[in-house]
Amino acid sequence: MPRFALACGFALLTFVLLASPVSAQMTTERVASGLNDPVYVTAPAGDTERLFIVEQPGRIKILKGGTVLARPFLDITSRVNNQFNEQGLLGLAFHPAYDTNGFFYVYYIGSSGAGISRIRRFSVSADPDSAVESSIFTIMNVTQPFTNHNGGHIEFGPDGLMYVGLGDGGSGNDPLNNGQNPLTLLAKMLRIDVDGDDFPGDAGRNYAIPTDNPYVGNAGVLDEIWALGMRNPYRWSFDAANGDLYIADVGQECWEEIDYQPAASSGGENYGWKITEGTHCFNNPFNCNEPDTCSAGLVDPIREYNHGTDGFSCSVTGGYVYRGSAIPNMQGHYFYADFCSDQI
């Protein structure tokens with residue numbers, strides 16, 4: 001079986017090899033349907049029997065034995081603000097010690113209007129296919145100024161710490177200049193320790209700051225920040241083989257990009273927004289062929305594509321480095337997609 005699946009529209013798809021590994025012709029195979037805006041698929045470490053499917057309106061479904069279970073694993077639709085296209089329940093991560101503590105974490109937009117990005121912890125019940133909604137516990141809140149560019153992905157890194165991807169707050173052209181503002185969590189990759197609490201007097205902040213975060217002790221930068229200069233890092237992932245980080249950052253008018261951070265990095269990368277879009281200086285009004293004359297000290301993406309390449313391309317969605325065994329000559333290849341052109 002291929003190693004990874006993707007949520008697409010109303011169905012869950014997996015990659016299937018059509019011919020010999022030499023030619024590597026592939027297609028997709030539908031393994032689940034009848035879903036309501038699936039946006040992410042994952043599972044606890046070591047669980048090969050189930051897939052947990054995040055539905056944007058606020059439910060987590062389980063695919064088990066080839067069937068989507070009728071009862072959701074978790075239903076928090078009453079807590080979720082799904083009024084606009086980029087809001088809703090967006091992220092899910094299982095604690096590295098899920099087998100023993102039963103903790104999992106979700107990222108969703110709550111409150112009304114532009115809303116608040118909420119990271120919450122829940123616990124599984126005695127039934128492994130059902131969570132306890134009343135176990136909700138606050139980890140973090142980030143107020144959003146606009147309804148779009150919410151990021152939404154959360155994941156535990158190889159170091160056991162939680163990484164959080166937040167967009168620039170939305171609208172267009174980063175009107176609040178959050179991309180390069182070191183005193184906001186927006187437009188950043190964050191790194192926190194959910195097993196500690198450095199803010200015992202603050203009910204809205206129940207996490208600790210890793211002491212080796214790159215800006216700890218720098219009064220001019222928030223301690224949570226791991227990397228900056230993001231526009232909307234909607235989906236990103238760690239390479240299962242070596243811990244390298246691949247970040248798909250959605251572009252503005254011209255360029256979509258894949259950013260990269262090696263596993264050996266100590267953080268602190270600045271990926272450029274809104275000084276740059278892809279490898280090009282950002283200019284409004286837009287000039288998609290603006291030369292790279294402004295990226296000194298910034299980290300260029302390892303891959304970019306423009307709007308109009310291979311059809312209507314306008315919003316990159318990050319994927320995974322393939323580390324499965326079914327398609328040997330795809331080992332080490334990074335798969336990603338474009339939301340507008342439905343291409344992988």
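## Cis peptide bonds

Pro285 sits in the loop that runs between β21 (280-281) and β22. The model is a predicted one. In this model, the peptide bond joining Asn284 and Pro285 is cis, with omega about 10 degrees.

Another cis peptide bond joins Trp273 and Lys274, and its omega is about 0 degrees. Lys274 belongs to the loop between β19 (255-261) and β20 (276-277). Trp273 also takes part in a charge-ring arrangement: the charged end of Arg231 is placed over the ring of Trp273, 5.5 Å from the ring centre.

Ala187 counts as buried because its relative accessibility is 0%, under the 20% limit.

Gly179 is another residue of the loop between β14 and β15. Its relative accessibility is 0%, so Gly179 counts as buried. Leaving out residues up to four places away in sequence, Gly179 is in contact with Asp174, Ala187, Lys188, Leu228, Gly229 and Trp273. Between Gly179 and Gly169, 10 residues apart in sequence, the C-alpha to C-alpha distance is 9.2 Å.

In soluble globular proteins, nonpolar side chains tend to be buried together. The largest nonpolar core of this model has 26 residues, and the members touching the most other members are Ile119, Ile139, Met140, Ile154 and Met162. At least two residues of this core come from each of β9 (89-94), β10 (103-110), β12 (131-143), β13 (154-156), β14 (162-165), β15 (188-192) and β16 (225-228).

With residues up to four places away in sequence set aside, the contacts of Ile119 are Val106, Tyr107, Phe137, Thr138, Ile139, Met140, Ile154, Met162 and Val164.

## Aromatic pairs and charges over rings

A pair of aromatic rings is described by the distance of the centres and the angle of the planes. The structure contains 17 aromatic pairs. One of them, Tyr163 with Trp226, is edge-to-face, with 5.9 Å between the centres and 90 degrees between the planes.

Phe238 lies in strand β17 (residues 235-238) and Tyr163 in strand β14, so the pair ties together parts that are 75 residues apart in sequence. Tyr163 and Phe238 are both buried.

Elsewhere, one aromatic cluster is formed by Phe52, Phe73, Phe94, Tyr98, Phe104 and Phe122. The charged end of Arg205 lies over the ring of Phe199, at 3.7 Å from the ring centre.

## The second largest pocket

Rolling a probe the size of a water molecule over the atoms shows where empty space is left. The second largest pocket holds about 160 Å³ of space. Its lining consists of Arg303, Tyr305, Thr309, Asp310, Ser313, Tyr336, Ala337, Asp338, Ser341, Gln343 and Ile344. The elements supplying two or more residues to this lining are β22 (303-306) and β24 (334-338). β24 contributes the most, with three residues.

## An exposed loop residue

Thr211 is in the loop between β15 and β16. Its relative accessibility is 73%, over the 50% limit, so Thr211 counts as exposed. Thr211 and Tyr108 are 103 residues apart along the chain, and their C-alpha atoms are separated by 27 Å.

Key:
Residues numbered from 1 in each chain as written. Predicted model: local features only at pLDDT ≥ 70, side-chain atom pairs only at ≥ 80, totals over all residues. Heavy atoms only, no water. Core = buried A, V, L, I, M, F, W, Y, C linked by side-chain atoms within 4.5 Å. Buried < 20%, exposed > 50% of the residue type's maximum accessible area, 1.4 Å probe, protein only. Helix = DSSP H or I, 4+ residues; strand = E, 2+ residues; numbered from the N terminus. Contact = heavy atoms within 4.5 Å. Phe/Tyr/Trp six-rings, centres within 6.5 Å; stacked < 30°, edge-to-face > 60°. Lys NZ or Arg CZ within 6 Å of the ring centre and 35° of its normal. 1 Å grid on protein atoms, 1.4 Å probe; cavity = no way out; pocket = protein on both sides within 12 Å on 5 of 7 lines; lining within 4 Å. Points joined across faces, edges and corners; volume = space filled by probe spheres on them.
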